[in-house]
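Hi,

Here is the structure I said I would pass on.

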Amino acid sequence: METSRTNRQRFLAACRCDKVDRPPVWLMRQAGRSLPEYRALKEKHPFIELVRTPELAAEVTLQPIRRFDFDAAVLFSDILVVPEAMGQPYSFLENGGGIEMDFAVNSAEQIRRLDDTQAIDRLNYVAEAIRLIRPALNDRTALLGFAGSPWTLARYMVEGSSSARNEHAKALFYSKPALFSELMEKVTSVVTEFLKLQISSGVDAVQIFDSGGDSLADNAYEAASGRWIRDIVTSLAGRVPVILFSKGAQGRLPSLVATGANILSVDWTQSLAEIRGMLPDAVGVQGNLDPFLLTTTPEIVTAETARILSEMKSFTGHVFNLGHGVPATARLECIEALVNTVRTHQ
Ligand code: CP3
């Protein structure tokens, strides 16, 4: 077992399911509202300006690394920059929270109008942010890029907002399969090019967020989401490790494994060790502390973090994380307790 690893080497070794001294740790939404330094920047700049300005996106990416020295930094951006670049702008509702697209895409004409040829040029600000972050991390910390899965993006694009509770994307999938495929092919192609752009700009690994996949029946998962993710992973041709975040993983493990992702990121409702035990040796897991616990006490977080670490002790291929993103009301001393427990657990 090696001991003298940098955080970056430890993270990449765990992604390959190699033996490591301890699991690497980073947290989904580690940059954001739980940090006072993020809230201070938000007083001066709206969310979308933070995302679109490379210097500001780089600063927000680095904030949690300075404070907690995580093994990986995650690029500060949003999955909705892809539909925006295809011609469907969105806004963040600064007062109420949530996201609203300027219009919903719900006709054949609108789907045909989505631009999948020049979208990638409009995303160049993300490449610029990565080129600022990479040297600032100084080879010590891994840098993770990301994108939404085509299904998760389609849900926002067809629905038009994060609060709508209709199922227009599902209706499209079941009742107009040819049109659904047309939309998914366009989104898949832009997401693939976008991840390639992030890789050539310097990210060490990428995560695909299939946060909306849990709305699908297990038997629809492959056709509505899994196969499009597989197309993306295949096109990336193993250039960097791929992490796939999926909720409700247990019911669709064959599809998730078939995507070719190196690591499956598992939500907190499942047993991480049980899922790892069902996976091929070369496919690891990420997770899966209940994010809610970050709003409780350091003692509770320490105990529950230790429980997951003990459960995973005999397995390679574990990246420690939450089961979903850091809540805005997370207490900093709880995040501190999580990180310290991962670093010192025997
Ligand atoms: O993990 C990270 O720290 C990287 C940055 C990141 C953000 N969003 C920043 C953000 C990532 C990876 C995302 C992904 C994302 N964005 C997803 C998939 C992952 C998930 O959490 O399920 C989705 C569905 C979105 C779309 C989105 N962005 C919504 C629905 C919202 C509003 C709800 C909310 O949580 O506030 C956002 C806003 C957003 N994206 C914030 C951040 C830090 C909050 C902005 C703020 O309050 O200042």
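**Helix packing and core**

α4 passes α8 in a right-handed crossing, where right-handed means that the near helix is turned clockwise from the far one by less than a right angle, and left-handed means anticlockwise. Before I go on, a word on the source: this is a predicted model, in which local features need pLDDT of at least 70 and side-chain atom pairs count only at pLDDT 80 or more, while totals for chains, interfaces and linings use all residues. Residues are numbered from 1 along each chain as its sequence is written, and side-chain values use heavy atoms, with hydrogens and water left out. Helices (H or I, at least four residues) and strands (E, at least two) are DSSP runs, numbered from the N terminus.

Back to that pair. Helix α4 covers residues 54–68, and its axis packs 8 Å from that of α8 at an angle of about 40°. Axes here are lines fitted to C-alpha atoms, for helices over the stretch in contact, and angles run from 0 to 180 degrees between N-to-C directions. The two helices are therefore oblique to each other; angles under 35 degrees count as roughly parallel, over 145 as roughly antiparallel, 65 to 115 as roughly perpendicular, and the rest as oblique. On the α4 side the contact uses P54, E55, A57, A58, T61, L62 and I65, and on the α8 side Y125, E128, A129, L132, I133, A136 and L137. Contact means heavy atoms within 4.5 Å. By class, that is 11 nonpolar, one polar and two charged residues, with Ala, Val, Leu, Ile, Met, Phe, Trp, Tyr, Cys and Pro taken as nonpolar, Asp, Glu, Lys and Arg as charged, and the others, Gly among them, as polar.

α8 (residues 124–137) also meets α11 (residues 177–201): their axes come within 9 Å and cross at roughly 25°. That pair is therefore roughly parallel, and α8 passes α11 in a right-handed crossing. V126, A127, I130 and R131 of α8 touch F194, L197, Q198 and S201 of α11. Five of the contact residues are nonpolar, two polar and one charged.

The crossing of α15 and α16 is right-handed. P298, V301, T302, T305, A306 and L309 from α15 meet E333, C334, A337, L338, T341 and V342 from α16, a set that divides into eight nonpolar, three polar and one charged.

So which residues have the most contacts inside the largest nonpolar core? They are F11, W26, L183, L294, I335 and L338, in a core of 125 residues. A core here is a set of buried Ala, Val, Leu, Ile, Met, Phe, Trp, Tyr and Cys residues joined through side-chain atoms within 4.5 Å. α11 gives the most to this core, with 11 residues. Leaving out residues up to four places away in sequence, L338 touches V25, L27, L289, L294, V301, T305, F320 and L322.

Two last items. Helix α1 (residues 7–15) is mostly covered, with eight of its nine residues buried (under 20% relative accessible area; exposed is over 50%, partly exposed in between, 1.4 Å probe, protein chains only). Just after α1, C17 takes a positive phi of about 65°. A171, in helix α10 (residues 168–175), is partly exposed at 39% relative accessible area.

Cheers
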